[in-house]
Amino acid sequence: MIESMKKILPLKKEHQWEKYEPSVRVINDLENQMKILTDDQLKAKTTQFQKQLHNGSTIYDIREEAFAVVREAASRVLGMRHFDVQLVGGLVLTDGNISEMATGEGKTLVATLPSYLKALEGKGVHVITVNEYLARRDYETMGPLHEFLGLSVGLNVPQISQTEKRAAYKADITYGIGTEFGFDFLRDHMVKDLNQKVQRPYHFAIVDEIDSVLVDEAKTPLIIAGKMKSSANLHKVGAKLARSFKKDHDYEYDVETKSVTLTENGMTKIERAFAIDNLFDIEHQTLYHYMIQAIRARAMFERDVDYIVEDNELKLVDLFTGRLMQGRTMSDGLHQALEAKEGLAISEENKPQASLTVQNYFRMYPTLSGMTGTAKTEEKEFQTVYGMDVVEIPTNKPVLRDDRPDKVFVTKEQKYEELVREVENVHQTGQPILIGTSSILQSDQVAEYLDRAGFSYELLNAKSMEQEVQLISLAGQKGNITIATNMAGRGTDIKLGEKAADLGGLHVIGTERHESRRIDHQLKGRSGRQGDPGSSQFIISLEDDMIERFAQVERDRKLKSIKTGEYGQVLNKDIHKFIDTVQKISEGSHYNIRELTLKLDDVINDQRKVIYELRDKVLQEPKVLSLLSPMVNDFVTYEVDRHCPETIVPENWPLEHLEAELQRGIPLMKKMTLSEYSYETTDDVKQTVRPTLDAYLLQLEEAVTPAIESSWKQGAVMKLDQLWIRHLEMMNRLKEGIGIRQYQQEDPIRLYQKDGLDIFDHHFYQIKREFVILMAALCRPAKKGENKGGKEDV
């Protein structure tokens, strides 16, 4: 098999997968030994491996034998035997890299090899995919294999109970959806008791369709939001002022990035309206936020297209389906800005309580690996962000698919007319056809053209995942015509029906170049699986969305010298190079967005680690004074430095105000008057306060009871969460203004890091200050009829 693999891929200097050849040979040599074992003897191998690892062996010492055990178990339990190429794919995953394997090569079975091996270490393995259907399917189909070998298997999907989640995470191997793992991490750091956490420390993850999970979904952070009251008046004032703003004069709207930026005129207009000197001072962040949302509401959203107003309520429209998105609202004040624009009552805002980027979530795994049919185009990003290489695995059988050159037309109408002619020619032969579109809206357009031509077809449009998978799997039957979005039923094999192979296999038609080559390759890969025949043809136009968004000016210039055939097909030889260039520009634009998102979140990620570590300490610390005492010292140091800076002469220090502040955290300070002493330096003040501070710390050791500790923990976590939410809001305001900071001739990311650190230092001190004040309140002398340390104290 190894030699045939070499023939499939063209000869290069050296293929990355070739280094695994010796391991594949060893696994093959062990096959006969495994075949003669009884079921019980085969199962006993798991215990044997676990003992070896316990005694100091590594997974690499047992890898080949463990793979041989899984291969044999799969033959007995699933009726499937791993091909050599699947063994190579499993070896690549074990090393924490990406196996690029074509559609239909059995990636789900590949994952059983490294997941079994790594699960033997007893630290848990997460097998992650893109949706609930695939997670359940993999759990149900591959779970029995692992259970046969003595490992426990869990399933992590939305809407299951905490008990079920905890059990799923305790399992040796947990199947689930990527976003749900991320949301569980955030929820675990919002619990009021450590026993409510469901996850355990991360160990190893295998991400199926890794390009979809780590690239396509990486532009949008994971956010847990809560309802909070917004400033209705500021929204209304912002909407009124925004009505006077003119595009390209007061603001600029970038169609490519879908972003709004204020011009100098716009900034001046806002500063004059609110009588302020500089809109970008930190103190005016909230004002900037409300104004930029008001301008976005005006520039980016159109009534009866993006939203409607019904019964005095603003309802969002799904542009792909044209349906109302009941109960859905935009976050961070944008929905309220739209309400103000339309003169409606202002509703409560969705404000982030916890957030995390997909990238920073997955970078928490010590070892991360993945599989997909298309990752090579994003290899640089995988290497830079995640430290993973992409290893191309040859197909088990040669690919026979005929990928034809794109047909490019001037207009969309000409494109769809050609599509009908293409369908007519192919359908006459009985060859099955799959038409891939970039959106549900485009699927409907294709359906209209086929209706006019009298064709019957299956339209995958807003159906459930189960129906979608069932229909996409039937697309390979003789004479079938199926219309689906490029991503519909991803992860599902399309098997050719009887005689379909003789007719040429599945013919795939792409109606538009996607904004990433990977998606185009995935669509083509629906055809020609496992050595099946097949063909693909993209029929596109110069009016397609990708060109409208990223190359409108270049397209218009090119139209002056365009040559067309009978039906409007572009004949210029350089047109394909033009399309390829636009697609690369599109990919670069999306990469820049993901890169910026990550750079910004890296700043918050460092802060998040500090806050979450402190939160866990508060909840798990048996003696809270060991945590609190240093904070009491910090409290005194900070307040003295703040009130008595070296830049002001001691006679002008506000000692009475300092006394009042210190008394809030150290009640014993009420027994001394700072103004009775003389000082030359700030350290003199600290030395004066020191005896009282030490006496208070000793008093706390005697006063703090288990009941007070419990009350303090509850109150401290509540205070921490409130200040963290406030901090996230301020960081979001800061982030909104970074683009305009380029006018200051400085790197906006560096300014965001610097200002973000200042804001965090301030909030982190406020958290410690609240902790100190809370304990002082809990330990104050009880008044008559008051239960000291009780809930009313908190």
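A word on the source. This is a predicted model: local features need pLDDT of at least 70, side-chain atom pairs count only at pLDDT 80 or more, and totals for chains, interfaces and linings use all residues. Residues are numbered from 1 along each chain as its sequence is written, and side-chain values use heavy atoms, with hydrogens and water left out.

Now the overall picture. The C-alpha trace spans about 100 × 75 × 55 Å along its principal axes. The chain has 29 helices and 20 strands. These are DSSP runs, numbered from the N terminus: helices are H or I, at least four residues, and strands are E, at least two. Of the 794 residues, 53% count as buried. Buried means under 20% relative accessible area, exposed over 50%, partly exposed in between (1.4 Å probe, protein chains only).

Let's zoom in on one residue. His 727 is found in helix H28, residues 706-736. Is His 727 buried or exposed? His 727 counts as buried, because its relative accessibility is 1%.

What does His 727 touch, leaving aside neighbours within four places in sequence? Its contacts (heavy atoms within 4.5 Å) are Gln 607, Gly 756, Ile 759, Phe 760 and His 763.
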